[in-house]
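User: I would like a close look at a single part of this model. Please keep it brisk.

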Amino acid sequence: MAEQISRRAALGSALAAAGALAAPAIAQTRERVARVWGEPGPYVGVFTNGLNEWAQRYAPGLRFEAEQIAWDQVYVKLTTDLAARRPPALISVESPIAYQLAAEGLLEPVEDVNRAIRAAERLVDGFRIDDFGTWKGTQYAVPLHHQGCLFIAQSDVLEEAGLSDPANWTWQDLLNAARAIQQKRPGMAGFTMALGRNLCGDYHIGQFIWQAGGLTWDPARNFETVFNSPATIEAYEFIKELYAYMPRSAVEFSFLQVVDQHVTGRTAMSLYWGRTMGRAADEARPIYEKMEYYLNPAHPRTGARWSWTDINGWVLPRRDNPFLREAKEALAHVMNSTEWMARYSASLFPNVGPVFKDQAAAPALQQHPIYQAKKRSVDVIFTGFVPHACNSGFELRKGISPLAGIAHGRNVWSQVAQRMLLNNESARAAVEWGHRQFEDIRRENRRLLG
Amino acid sequence: MRFRLSDRQVGVLFMLPLLLAVALFLVWPIVEAVRLSFVRYNPLRPDDQPFVGLDNYLFVLEDPLFWESFRQALVWTGVSTVAQAAIGVGLALLLHQPLRGINAFRGLLLFPYIVPTVVIALNWRWLFNAEIGIVNHLLLSAGIISERVAWLSTPDMAMASAILLNVWKYTPFVVIVVLARLQTIPTELYDAARVDGAGALRRFRDITLPQLAEVLAVVVVFRTIWTFNKFEEIYLLTRGGPGTSTYNLALYAFDQAMANLRMGVGAASGVIMLALLLAGSLLYIRLTGFGREDRAA
Amino acid sequence: MSRLAAALVYAVLGAVTFVVCFPLLWAISTSLKPKEEIFRWPPTLIPERVTLESYRELLFGGAVASAPGAGVPPSAFFVDWFVNSVIVSVGSTAISITVATLAAYSLTRFRFRGQRAVPYVAILGYMIPSVIFVFPMFLTMVALDLPDTLLSLILGYVCITLPFCLWLMWAFFRGVPIEIEEAALVDGATRLQVFRQIVLPMALPGIIAASIFSLIVSWNDYLFGRVFMNSMDKLPLTVGVMHFFDGTHVDWGLMMASSVLMTVPMAVLFGFMQRHLVAGFGAGAVKG
């Protein structure tokens with residue numbers, strides 16, 4: 001602190017005048033503040049309250065402070081703060097970015113924390129600790145939550161159109177249903193997904209690619225770029241067919257717009273994570289009452305129902321992080337407490353799925369009004385989808401890839417869709433364009449694969 | 001007894017803060033930007049910054065997206081500037097009329113200029129939301145359109161919406177400047193023309209327009225340079241989308257540096273923008289004879 | 001002007017004013033609606049039931065202590081953000097104006113080598129967009145150990161406001177007659193006395209105009225705030241209010257109420273000072 005002030009004083013008269021104005025800002029930093037990055041939403045705030053419970057008991061003068069980073073702002077904050085050599089103490093980000101950071105060698109190994117919280121024993125069925133971010137045999141992530149992207153439908157609209165139970169649907173059934181609804185209910189979209197140049201678009205599109213059997217890089221073959229396969233092209237062609245029954249503006253949709261669309265009753269079916277149900281419960285009871293979650297419609301040939309799943313863990317920047325020891329101990333404190341973990345999950349029900357068995361069985365979750373009212377759907381959201389969980393950094397569960405985060409930064413998957421839908425390129429040509437982008441990314445970041 | 005400075009010392013002393021500030025806030029960032037444009041700099045690993053010569057510039061010049069952004073920036077700038085100038089002059093002429101209550105209109109019409117870009121971009125995204133926006137609702141119920149307009153979802157409409165926002169926000173700039181100039185045109189000129197039997201249109205063409213010509217040229221150059229480099233309006237309204245149809249060079253530079261983790265490439269595109277801007281300012285200086293002491297005063 | 005022509009002018013101005021002001025009217029209307037009315041379809045133009053709930057939450061929400069089971073809602077920080085924006089806008093304006101006024105006076109009253117280059121530098125700086133400055137400036141702040149402090153933002157905004165303040169003050173001082181000063185100097189006043197007692201009062205309109213534009217530019221900035229700041233309680237308003245988008249949900253009531261609260265201070269200032277802005281200044285008076 002003293003050093004900081006003397007350096008400021010040396011900056012000359014103009015800066016000194018400004019320094020006086022900034023005095024409140026200097027005063028604010030007197031206690032030690034460990035910054036905690038998380039997604040927008042209340043849950044990171046809840047977790048931070050738990051961290052502070054530890055700090056008050058065992059590290060007086062230390063305070064954890066939550067900073068909410070919108071999903072697509074992660075890179076701006078990450079890059080500026082790493083460039084500044086002042087990273088946050090703890091980060092919860094989308095898993096592909098965590099995988100990338102792990103491979104960059106920027107993260108602290110966390111085997112000790114995972115041992116201290118008996119993560120391996122407590123983890124819900126279907127997930128392994130390694131899925132959250134293990135690179136070359138070292139664990140870099142402490143399991144925090146999971147969120148799978150699923151298929152949501154309004155049962156009343158489906159009934160009215162005389163449609164069958166979506167639990168058994170294939171792609172073809174989805175397409176037929178979207179068409180039938182559009183005809184039956186003018187002004188309502190049959191189906192909605194995000195096709196904007198953003199993360200949500202990437203995620204939604206990825207699911208279709210995997211269901212058809214395609215993938216971007218093959219971990220089994222040293223991450224060779226295999227994007228331009230017939231399966232990928234088939235997936236994009238199917239999306240183009242579906243687009244006829246989506247709102248035209250789906251090409252600019254991101255997370256928010258998809259949920260808005262569903263919660264305001266402008267679509268009968270959509271793809272989304274648990275949040276759509278939570279928002280409907282808050283804002284649109286009639287929609288909420290008829291809302292059901294299902295596994296994604298299966299590809300007719302492969303039968304796959306992959307779901308883009310954020311397998312989200314806490315990661316700790318290794319360098320320039322003066323809070324490593326405290327952050328680890330505080331993490332263990334919160335995560336050893338079933339009560340805190342249940343509070344975490346319950347704070348935005350059913351958006352952040354419980355990762356521990358004791359947490360999943362906690363009364364705060366079991367007796368949550370949404371769980372009581374929508375048991376079947378919430379079971380799909382919390383456990384049913386787990387066998388189908390993968391993500392762009394863990395494609396088809398074949399292995400962790402550090403390249404996906406970079407590709408999400410450039411939104412390559414959704415750009416391919418946009419070239420096809422907006423520029424009228426053929427699916428094949430658009431996919432070939434995407435293939436070149438992915439190949440560039442691989443070449444540029446070969447050192448990560450090493 | 002107070003320490004007395006000589007006249008000369010006062011002059012130098014008064015300049016010192018400026019010299020310090022210019023060095024720190026203008027020269028240094030530009031030097032730093034130029035340096036960055038010659039290194040490979042992945043912001044995730046700030047310690048590793050190898051010199052790569054002109055690689056970043058070659059990367060930018062070979063990138064189709066750069067040229068696409070460049071072309072789009074021309075459309076965005078050209079249409080915005082012309083629309084702002086035309087509407088701005090029209091409004092200024094109306095606001096110059098000696099009518100009762102005209103001051104209230106002046107205040108209200110200048111208001112968009114002070115609205116923070118964040119506020120207006122977010123409001124527009126909601127107003128112009130194709131599905132739940134009030135604009136489509138009003139136009140539909142007034143029978144002006146028969147189906148929802150996808151304001152931000154097709155490349156052309158998104159560009160049009162972005163331009164509309166820019167025109168909305170910055171036309172007041174033109175109005176302020178033109179209005180200030182109009183107030184200095186001697187009324188005798190108009191009286192004489194009226195005596196000669198010149199109609200309103202002729203008076204505008206023969207008196208107003210020539211008097212405005214110089215200030216208009218200045219305004220157009222200024223608006224062109226600023227609009228060409230605008231970042232926040234587009235970033236907050238469309239994020240360059242759909243596709244990359246509303247990218248301009250500022251967005252390109254930002255995305256290269258941040259999303260693509262190529263700080264050096266971002267800096268190189270910044271330096272290219274800077275060079276274009278220098279050319280623009282030279283044009284401005286030529287147009288106005290700016291800085292030629294004998295002409296001013 | 002005939003009455004018909006006048007009526008036509010009023011009609012056109014009225015229509016244009018309505019279109020121009022519609023976004024603000026809609027923002028005010030939405031900010032006064034209760035939450036359940038905001039998403040109603042078809043939307044109501046005028047709130048059926050007026051409530052100040054959104055404003056209350058923004059202005060007094062910080063007083064509500066958060067329960068252990070709930071995170072702190074972003075709206076609790078609104079007052080902090082507002083204060084921060086005031087501090088950084090006023091701070092950077094004070095620096096820019098002080099530096100610019102001193103230098104402009106010196107430039108127009110003394111002779112130096114290289115003097116003529118200064119206005120060129122000013123106009124060039126005036127045209128450079130902040131997207132070029134922002135990363136180098138951020139790295140500079142890092143070197144000074146200042147990121148995530150209000151001081152870094154103050155200095156960042158000096159970067160974008162100083163050139164046009166300088167240019168404006170320079171243009172202004174060129175138009176101020178030198179004779180009174182010379183008379184005072186002959187009467188034995190010192191240069192500093194002349195500056196304080198004669199020059200500054202005469203320069204006041206220029207200082208006011210430059211200050212307002214400088215305040216508007218720093219109040220409205222988004223990019224510097226986005227890149228420089230992290231802590232929730234240190235954000236400026238423009239960056240802070242983006243937190244009302246939580247990715248899957250926008251509280252439009254809060255968003256619109258904060259839009260109104262963000263716009264009002266500048267609108268009031270602008271309203272008071274409009275006279276100074278329109279009269280007397282050419283293109284140099286505005287930045288955008």
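Predicted model: local features only at pLDDT ≥ 70, side-chain atom pairs only at ≥ 80, totals over all residues.

How many residues of domain 1 of chain C are in contact with domain 2 of chain C, and how many residues of domain 2 do they touch?

Analyst: Chain C splits into domain 1, residues 3-74, and domain 2, residues 77-285. Between the two, 15 residues of domain 1 are in contact with 14 residues of domain 2. The domain centres, taken over C-alpha atoms, lie 29 Å apart.

Now the domain 1 side of that contact. Three elements of chain C each give two or more residues to it: helix 1 (3-31), helix 2 (35-38) and helix 3 (53-60). Helix 3 supplies the largest share, 5 residues. By class, this side holds 7 nonpolar, 5 polar and 3 charged residues.

Next, domain 2. The UniProt record, an unreviewed entry, lists transmembrane regions in chain C at 81-105, 117-144, 150-173, 194-219 and 252-272. In the model, residues 194-219 of chain C are 100% helix, with end C-alpha atoms 34 Å apart. Residues 252-272 of chain C are also 100% helix, and there the end C-alpha atoms are 30 Å apart.

Last, the packing. The largest nonpolar core has 325 residues. Helix 7 of chain C, residues 150-175, gives the most to this core: 20 residues. Among the residues with the most contacts inside the core are Ala100(C), Ala103(C), Leu166(C) and Met169(C), along with Leu150(A), Tyr236(A) and Val175(B). Take Ala100(C). Leaving out residues up to four places away in sequence, Ala100(C) touches Leu162(C), Cys165(C), Leu166(C), Met169(C) and Ala210(C).

Definitions and conventions. Residues numbered from 1 in each chain as written. Chains lettered and ligands numbered in written order. Domains from an automatic or database assignment. Contact = placed C-beta atoms within 7 Å. Helix = DSSP H or I, 4+ residues; strand = E, 2+ residues; numbered from the N terminus. Nonpolar A, V, L, I, M, F, W, Y, C, P; charged D, E, K, R; others polar. Core = buried A, V, L, I, M, F, W, Y, C linked by C-beta atoms within 7 Å. Buried ≥ 20, exposed ≤ 12 C-beta atoms within 10 Å, placed from the backbone. UniProt positions renumbered as here; feature names shortened; annotations may be inferred.
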